[in-house]
Amino acid sequence: MLSIVAAWLGSPAAALDGARDIRLPENSRFPESVTSVSDGTLFVSSITDGGVLKIQGDGAATTAFLRPGVHGTRSTFGLLADERRGTLWVASNDATILGAPGPTSEEGGWVKALDLATGALKLSVRLPGGKALANDFALDAQGTLYVTNTLAPQILRLRPGATKFDVFVESEALKDGLDGIAFGTDGNLYVNTFLGGGLFRIDVKDGAAGRVTKLETTRSLKFPDGLRPFKDGFLMVEGSGALSRVRISGDGARIEPVGQFAGPTGVTVAGDRIWVAEGQLSLISAAAKDSREAPSFHLRSVDVE
């Protein structure tokens with residue numbers, strides 16, 4: 001998918017003037033997701049190189065929390081830190097068809113639960129089905145994990161203590177590249193589709209999925225990606241460059257601009273800063289052909305307002 005859309009994405013835009021940034025090391029290119037914990041520590045994944053970086057919020061120290069290939073991981077996608085349960089959730093995939101073969105030959109899409117303090121493996125679960133790519137995560141109050149499957153119109157669910165996924169919802173409306181996912185303040189689940197440019201609400205009642213509704217947005221979305229709860233709505237990045245606030249009203253969504261970045265893929269809030277991972281996915285094909293074409297990669301941040 002990434003190689004297909006590479007030609008569609010525009011040239012990377014500059015980050016906001018004055019935004020603090022952290023340059024990622026050359027062995028952690030094309031970041032896909034970023035998550036954070038309460039002390040400001042950041043965790044970053046990498047589509048091309050795999051592994052997970054651990055970065056102090058001020059960028060003073062960067063370490064390999066998960067080394068590439070360890071615990072059967074390959075290309076790393078979505079990350080979500082669950083401090084309450086001491087877990088870092090990591091999506092690992094064979095992304096060869098996306099132009100990113102990754103550091104190992106592990107097949108399929110997987111979700112790994114790592115101890116947030118030590119990095120030890122707590123759980124490893126493979127996504128069901130022949131075509132599966134674990135993209136991003138959301139957690140409910142009970143600790144149930146919800147995962148978007150980009151290669152099928154499915155949101156998968158992993159209950160506490162379970163070792164297999166069940167299908168929470170499957171709908172043809174979600175067929176165009178499921179990506180970002182988050183719970184709203186109304187208790188319903190919200191997702192976007194990277195290729196389709198759609199934003200959807202899945203009604204949730206008593207732990208069961210209900211109606212799937214495509215929301216009317218105040219402007220067209222261009223490759224929507226990371227989606228995270230924020231105040232009374234969400235933060236969302238789009239591959240075309242935008243970081244936006246999303247406010248839901250009925251079956252509509254107001255998209256309010258916050259900043260413009262270089263092909264952002266992930267977003268998180270740490271303290272008084274909003275951090276964005278600049279994935280620059282449109283450049284993967286060029287970088288694979290000629291290492292001289294590989295750009296530098298950054299986390300950028302802006303003030304929470």
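Me: Among contacts between residues at least 6 apart in sequence, what percentage joins residues at least 24 apart?
Reply: This is a predicted model, in which local features need pLDDT of at least 70 and side-chain atom pairs pLDDT 80 or more, while totals for chains, interfaces and linings use all residues. Residues are numbered from 1 along each chain as its sequence is written, and side-chain values use heavy atoms, without hydrogens and water. Contact means heavy atoms within 4.5 Å. For contacts between residues at least 6 apart in sequence, the share joining residues at least 24 apart is 51%.

Me: What percentage of the residues counts as buried?
Reply: Buried means under 20% relative accessible area with a 1.4 Å probe, counting protein chains only. Of the 305 residues, the buried part is 55%.

Me: Is Thr265 buried or exposed?
Reply: Thr265 lies in strand 23, residues 264–270, strands being DSSP runs of E of at least two residues, numbered from the N terminus. Beyond four places in sequence, its contacts include Pro31, Asp225, Val237 and Leu281. Because its relative accessibility is 3%, Thr265 counts as buried.

Me: How far apart are the mean positions of the positive and negative charges?
Reply: Lys and Arg count as positive and Asp and Glu as negative, leaving out His and the chain ends. Each charge is placed at NZ of Lys, CZ of Arg, CG of Asp or CD of Glu. For the 31 positive and 35 negative charges, the mean positions are separated by 2 Å.

How values were computed
Buried means under 20% relative accessible area, exposed over 50%, partly exposed in between (1.4 Å probe, protein chains only). Helices (H or I, at least four residues) and strands (E, at least two) are DSSP runs, numbered from the N terminus.
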